[in-house]
Amino acid sequence: MRALLPLLRTGPGWRVGAPAAVRLPRAASAGSGPRRAMALYRTEERGQPHSQDYRIFFKNVAGHYISPFHDIPLKVDSKEENDIPTKKARNDEYENLFNMVVEIPRWTNAKMEIATKEPLNPIKPDVKDGKLRYVANIFPHKGYIWNYGALPQTWEDPHQKDKNTNCCGDNDPIDVCEIGSKVLSCGEVIRVKILGILALIDEGETDWKLIAINVNDPEASKFHDIDDVRKFKPGYLEATLNWLTYYKVPEGKPENKFAFNGEFKNKAFALEVIKFTHECWKAMLMKKCDRGAINCTNVQVCDSPFHCTQEEARSLVESRAIETKTEQYSHTDRHTDQYTEANPHRFNLLIIYKGAKNIHWRKGRLFNMPSLVRYLKFKK
């Protein structure tokens with residue numbers, strides 16, 4: 001059972017955020033200014049950390065699996081709280097309040113990302129040429145110099161040119177560099193205020209970098225726009241531009257380029273970019289554009305053709321372990337039919353996990369599991 005523990009590892013616990021179908025609790029709406037909301041998301045780790053099979057799945061307050069890409073709302077809903085319309089001042093206050101999914105904590109090197117091409121889009125390690133990817137230390141810094149992540153329900157369309165950069169999008173949610181004082185955790189969902197934006201051109205693709213701050217940071221009240229970063233964190237924007245320019249050079253790649261000669265644009269500009277990428281995401285989720293290999297499976301966008309039930313979502317997560325082991329087996333023995341000649345010794349960990357420790361192994365036993373049948377049916 002010790003070997004089984006990594007598969008059942010539970011993440012750091014409940015995360016801050018608000019799923020679309022859940023209202024903020026009364027305690028979060030009392031008083032003035034953004035308050036810490038009840039933690040409404042939690043993460044569940046599967047697989048061994050620092051391995052290619054490692055995944056961080058997301059659950060909502062009800063314990064149901066969700067997609068951090070599609071099911072976590074882009075904006076924090078401030079129109080109504082506890083069925084009482086909020087005052088105009090409160091609406092203005094929350095106008096610039098967005099959910100951010102943290103992928104990479106500050107000062108770390110492992111490249112983690114939302115798996116946009118996998119069902120329910122868990123966070124996974126970035127892999128290239130069969131190896132985990134780690135960012136180099138750009139002197140004098142250690143790893144990433146901000147908490148790095150993405151805004152949910154946004155998408156930089158690779159088939160549509162951005163009017164500001166004249167380059168197509170990079171096929172990912174829009175990136176966020178969170179500049180607060182706290183080192184956050186991978187998988188954390190936080191509320192951020194947008195301060196500005198930088199237009200990175202990555203190998204001919206638009207790769208916007210939002211500058212934002214956690215609303216629960218002790219200094220968050222000082223920051224309202226990009227000029228406040230220059231005032232209260234002198235040198236941070238220059239360090240950001242320098243880091244993004246050179247971080248791929250140790251891999252043998254050229255320096256990155258930027259639109260607007262590397263100028264950071266203000267909050268108003270950034271909000272327009274977010275609005276545009278949100279519209280691109282909506283078109284993708286409603287099947288109105290070419291999504292390529294992006295997986296749009298979701299649980300809470302009910303009018304989307306990619307919507308699935310809670311039961312189907314759970315089956316997708318549970319079946320992933322079967323699919324992973326199958327791929328490993330197929331890679332080990334390419335000349336054997338992986339669906340009929342499975343070797344039980346290669347699947348012993350999986351059998352224990354499925355509660356079948358004492359059953360007698362037979363050909364096809366693994367692949368007759370109801371969860372896999374549901375998964376294959378849904379995947380088609």
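Trainee: Which residues is Asn266 in contact with, leaving aside neighbours within four places in sequence?

Mentor: Asn266 is in contact with Leu195, Gly196, Asp225 and Ile226, where contact means heavy atoms within 4.5 Å. This is a predicted model, in which local features need pLDDT of at least 70 and side-chain atom pairs count only at pLDDT 80 or more, while totals for chains, interfaces and linings use all residues. Residues are numbered from 1 along each chain as its sequence is written, and side-chain values use heavy atoms, with hydrogens and water left out.

Trainee: How far apart are the C-alpha atoms of Asn266 and Asp225?

Mentor: They are separated by 6.2 Å, although Asn266 and Asp225 are 41 residues apart along the chain.

Trainee: And where is Asn266 found?

Mentor: Asn266 sits in the loop between β16 and α5; helices (H or I, at least four residues) and strands (E, at least two) are DSSP runs, numbered from the N terminus. The side chain of Asn266 reaches the backbone nitrogen of Ala268 at 3.3 Å, and a polar atom of that side chain also lies 3.0 Å from the backbone nitrogen of Phe269.

Trainee: New topic: which residues of helix α4 are buried?

Mentor: In α4, which covers residues 236–246, the buried ones are Tyr236, Leu237, Ala239, Thr240, Trp243, Leu244 and Thr245. The elements that cover them include β14, β15, α3 (226–232) and β16 (257–258).

Trainee: What does Thr165 touch, not counting residues up to four places away in sequence?

Mentor: Thr165 touches Ala199, Ile201, Thr206, Trp208 and Ala259. With one of these, Thr206, the side chain of Thr165 makes a side-chain polar contact at 2.6 Å. A polar contact is a pair of N or O atoms within 3.5 Å; within protein, one must be able to donate a hydrogen and the other to accept it, and residues adjacent in sequence count only if both atoms are side-chain atoms. Thr165 itself is in the loop between β12 (147–150) and β13 (175–178), and it counts as buried because its relative accessible area is 11%.

Trainee: Which residues line the largest cavity?

Mentor: The lining is made up of Glu156, Asp157, Gln160, Lys161, Asp162, Gly169, Thr206, Trp208, Phe276 and Thr277. β15 (205–214) and α5 (267–285) each supply at least two of the lining residues. On a 1 Å grid over the protein atoms alone, a cavity is a set of points where a 1.4 Å probe fits but cannot get out, and lining residues have an atom within 4 Å of a point.

Trainee: Which side chains does Glu44 make polar contacts with?

Mentor: The side chain of Glu44 is joined to that of Arg46 by a polar contact of 2.9 Å, and to that of Lys59 by another at 3.0 Å. Glu44 has its place in strand β2 (residues 39–46), and it counts as buried because its relative accessibility is 13%.

Trainee: Which residue has a positive phi although it is not a glycine?

Mentor: Leu120 lies in the loop between β8 (112–114) and β9 (123–125), and it is buried, because its relative accessible area is 1%. The other is Glu203, with a phi of about 50 degrees, found in the loop between β14 (189–202) and β15. Glu203 is exposed, because its relative accessible area is 61%.

Trainee: And which peptide bond is cis?

Mentor: The bond from Phe139 to Pro140 is cis, with omega near 5 degrees, and Pro140 lies in the loop between β11 (131–132) and β12.

Trainee: Last one: what pLDDT does the protein average?

Mentor: The average is 79, and 70% of the residues score at least 70; pLDDT is the predictor's confidence in each residue, from 0 to 100. Over residues 1–38 the pLDDT is below 50, and this stretch has 104 contacts in the model beyond near neighbours in sequence. Residues 326–380 are also below 50, with 73 contacts beyond near neighbours in sequence. Where pLDDT is low, the predicted coordinates should not be read in detail.

Notes
On a 1 Å grid over the protein atoms alone, a cavity is a set of points where a 1.4 Å probe fits but cannot get out, and a pocket is an open set with protein on both sides within 12 Å along at least five of seven lines; lining residues have an atom within 4 Å of a point. Buried means under 20% relative accessible area, exposed over 50%, partly exposed in between (1.4 Å probe, protein chains only).
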